[in-house]
Amino acid sequence: MASDRRIVIVGGGLAGHRIAFALQHEARVTLIDPKEFFEIPMAVPRLLVQPGRAEEALLPYSQFLAGVELVRDRVQSVQPGFVRVASGTSIPYDVLVLATGSSYPTDTLKASIGGVPERISHFGRLAEQVKAARRILIVGGGPVGVEIAGEILQDLPGKHVVMVQSGETILPSITPGPRRYALEFLRARGAGIQLGRKVDDSDLAAADLVLWCAGYDVDTSYLRDFPGLELDPSGRVPVDQYLRMRGTDNVFVAGDITALPEPKLGIWAGKHAAVIIENIRRCLRGNTGLKSYRPATGSRMMLVTLGRSHGTGHTPLGDFTNSWLARKFKATDMFIGRYRKAVGL
């Protein structure tokens with residue numbers, strides 16, 4: 001029998017949707033999110049050139065969270081025992097999960113509001129802009145920026161793509177060998193990659209299309225009045241070994257907003273979710289012994305695609321620049337099938 005305790009999850013991204021799916025029949029679960037869908041973030045670079053796949057990459061909550069109450073709203077503040085949303089409603093909780101993640105300066109590459117039809121239309125328009133643009137500026141040389149460049153240069157060879165990266169290298173979270181391979185691969189296909197400087201007005205003026213893949217911020221403004229909480233300088237939430245907000249026994253935190261010394265990558269959001277699911281189940285059973293989370297000190301597995309046929313990265317066994325491996329594990333469908341299967345779609 002499901003518990004009558006109320007679990008409130010704020011944010012349905014990589015961690016939040018997974019926690020809601022796992023617990024929806026074990027307690028009263030409420031998901032607060034201004035969107036009506038989970039967007040598979042790894043698929044977004046592909047959708048810029050294949051917008052017809054957008055419907056597969058957008059998973060409506062109604063299709064896999066039938067046992068969850070969805071509140072389409074933004075959280076304004078969090079207090080012990082309740083959450084207040086923008087419409088003014090207060091939602092009580094017995095257990096709270098904060099998984100609001102991070103956001104880019106625009107909604108182009110990561111949706112923050114809206115429904116599935118609007119987002120599908122968005123990718124259709126964006127793909128047309130990519131085709132029509134004579135000069136495309138990609139701001140940021142992390143995995144998203146690199147994968148977008150790879151997709152565009154495969155489907156639209158000869159397109160004038162310029163990437164500006166403020167750091168001294170692209171892909172700073174990856175090992176040096178794959179980093180060099182990706183840089184040489186993109187430059188060999190005509191990408192203009194400028195390192196060690198920030199975008200300025202002249203860059204923006206020269207571009208027909210600007211794709212912001214840098215400058216993302218965590219969203220924790222709703223915690224500014226939580227009693228006794230002190231966020232770290234980046235606005236992230238201090239957590240204990242069980243991924244609970246420090247100083248609380250019923251507020252869990254997952255994903256980018258955790259103040260943990262580990263890379264902010266999607267793989268870790270999934271690992272956070274697994275620990276939080278187990279710990280909430282133990283709480284529902286009245287078990288005081290919780291599962292600890294050990295922060296990752298580095299990315300043991302990283303795969304960056306360079307279009308549908310190429311990729312590079314590293315595993316615990318070492319670096320690779322293997323097109324077969326890239327296709328097998330990611331490049332073929334950018335994890336769309338994996339995420340859909342995980343929620344029974």
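Reader: Which elements make the right-handed β-α-β unit?
Author: S1, helix H1 (residues 16-23) and S2 make it. Right-handed here means that, with the strands pointing away from the viewer, the path from the first strand over the helix to the second runs clockwise. Helices (H or I, at least four residues) and strands (E, at least two) are DSSP runs, numbered from the N terminus.

Reader: What sort of model is this, and what is left out?
Author: It is a predicted model, where local features need pLDDT of at least 70 and side-chain atom pairs count only at pLDDT 80 or more, while totals for chains, interfaces and linings use all residues. Residues are numbered from 1 along each chain as its sequence is written, and side-chain values use heavy atoms, without hydrogens and water.

Reader: Back to S1 and S2. In which sense do they pair?
Author: Parallel, with 5 bridges between S1 (residues 6-10) and S2; pairing requires at least two bridges found by DSSP. Val-10 is opposite Ile-32 in S2.

Reader: Which residue in S5 stands opposite Thr-30?
Author: Glu-69. S2 and S5 (residues 68-71) pair in the parallel sense too, over 4 bridges.

Reader: Why is S2 largely enclosed by the rest of the structure?
Author: Because 4 of the 5 residues of S2 (residues 28-32) are buried. Buried is under 20% relative accessible area, exposed is over 50%, and partly exposed lies in between (1.4 Å probe, protein chains only).

Reader: Changing topic: how many disulfides?
Author: The count is 0, taking a disulfide as a pair of cysteine sulfur atoms within 2.5 Å. Cys-213 is buried at 7% relative accessible area, and Cys-283 is buried at 18%.

Reader: How many aromatic pairs are there?
Author: A search of the whole structure gives 4. Rings of Phe, Tyr and Trp (its six-membered ring) pair if their centres lie within 6.5 Å; planes under 30 degrees apart are stacked, over 60 edge-to-face, the rest tilted. Phe-38 and Tyr-339 are a tilted pair, 5.8 Å centre to centre with 45° between the planes. Phe-38 is in strand S3 (residues 37-39) and Tyr-339 in helix H11 (residues 336-342), 301 residues apart.

Reader: Is Phe-38 buried or exposed?
Author: Buried, at 2% relative accessibility. Tyr-339 is buried at 16%.

Reader: Which residue lies over the face of Phe-185?
Author: Arg-189, at 3.6 Å from the ring centre. The rule asks for NZ of Lys or CZ of Arg within 6 Å of the ring centre and within 35 degrees of the ring normal. Likewise, the charged end of Lys-328 is over the ring of Phe-329, 5.8 Å from its centre.
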